[in-house]
Amino acid sequence: MAGRCRSTSIPAWYQDSEETLWLSAVASAVWNQQQVRIRYERWATPHEVIRTVDSYGVVLKAGRWYLVAGSAHGVRTYRVSRIAELEPLEGTFTWPAGFDLAAHWREYLASFDARRYRDQAVLRLSPEALAGIGQVLDSSAARAAEESAAAPDADGWTRVVVPIESYEQALPKLLLLGFGAEVVGPPELRERIRATRRDARPIRG
């Protein structure tokens with residue numbers, strides 16, 4: 001944090017960077033406590049909205065920039081790459097009393113994960129797979145696995161519970177754990193893993 005410009009950097013969700021045409025204007029608005037009007041493209045309907053916002057701070061996460069801003073709709077988070085237009089306004093604003101950008105971001109991440117994860121997978125992991133789970137799953141899922149870990153069984157493998165968004169999302173990540181990971185449930189995900197591994201085996205002449 002430097003001067004009045006509030007920013008923070010958080011560990012990765014995803015790893016790719018993206019183009020942010022309005023990053024400089026957003027940073028300037030944060031620095032000068034300046035209101036801006038943005039035309040924003042989002043996933044939900046209506047897909048395009050116009051908002052007048054108070055620019056509280058910017059956050060960098062895994063190469064993606066986010067604007068945390070206040071408006072008539074409350075404090076919201078906007079991905080800078082989805083800002084289609086930005087117009088600086090004459091008005092300025094005052095920081096909300098007691099507002100903490102880092103604390104707000106932690107709360108936002110928690111609520112984001114609660115909305116994102118809709119199911120769970122029960123896994124049985126070898127010691128090597130358990131040690132490397134943080135390299136395959138995102139931080140919140142890896143943390144949940146570590147916190148749910150039971151005592152190792154007679155083979156030294158550990159049973160864990162991992163939150164997942166969907167079977168489609170979980171399948172490629174769980175496959176990256178290799179044969180050191182056994183899917184105990186749900187049965188449909190277990191069968192998908194088995195089928196994918198079976199189909200991927202080379203045919204020997």
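Rings of Phe, Tyr and Trp (its six-membered ring) form a pair if their centres lie within 6.5 Å; planes under 30 degrees apart count as stacked, over 60 as edge-to-face and the rest as tilted. By this rule, ring pairs join Y56, F93, W95 and F99 into a cluster. The model is predicted, so local features need pLDDT of at least 70 and side-chain atom pairs count only at pLDDT 80 or more, while totals for chains, interfaces and linings use all residues. Residues are numbered from 1 along each chain as its sequence is written, and side-chain values use heavy atoms, without hydrogens and water.

The count comes to five aromatic pairs. One of them is Y56 with F93: the ring centres are 5.7 Å apart and the planes stand at 65°, so the pair is edge-to-face. This pair links distant parts of the chain. Y56 belongs to strand β3 (residues 48–61), and F93 to the loop between β6 (83–92) and α2 (101–116), 37 residues apart. Helices (H or I, at least four residues) and strands (E, at least two) are DSSP runs, numbered from the N terminus.

Y56 is buried, with a relative accessible area of 8%. F93 is buried too, at 7%. Buried means under 20% relative accessible area, exposed over 50%, and partly exposed in between (1.4 Å probe, protein chains only).

Y56 also pairs with F99. Their ring centres are 5.0 Å apart and their planes at 50°, so the pair is tilted. F99 sits in the loop between β6 and α2, so its pair with Y56 in strand β3 ties together parts that are 43 residues apart in sequence. F99 is buried, with a relative accessible area of 18%.
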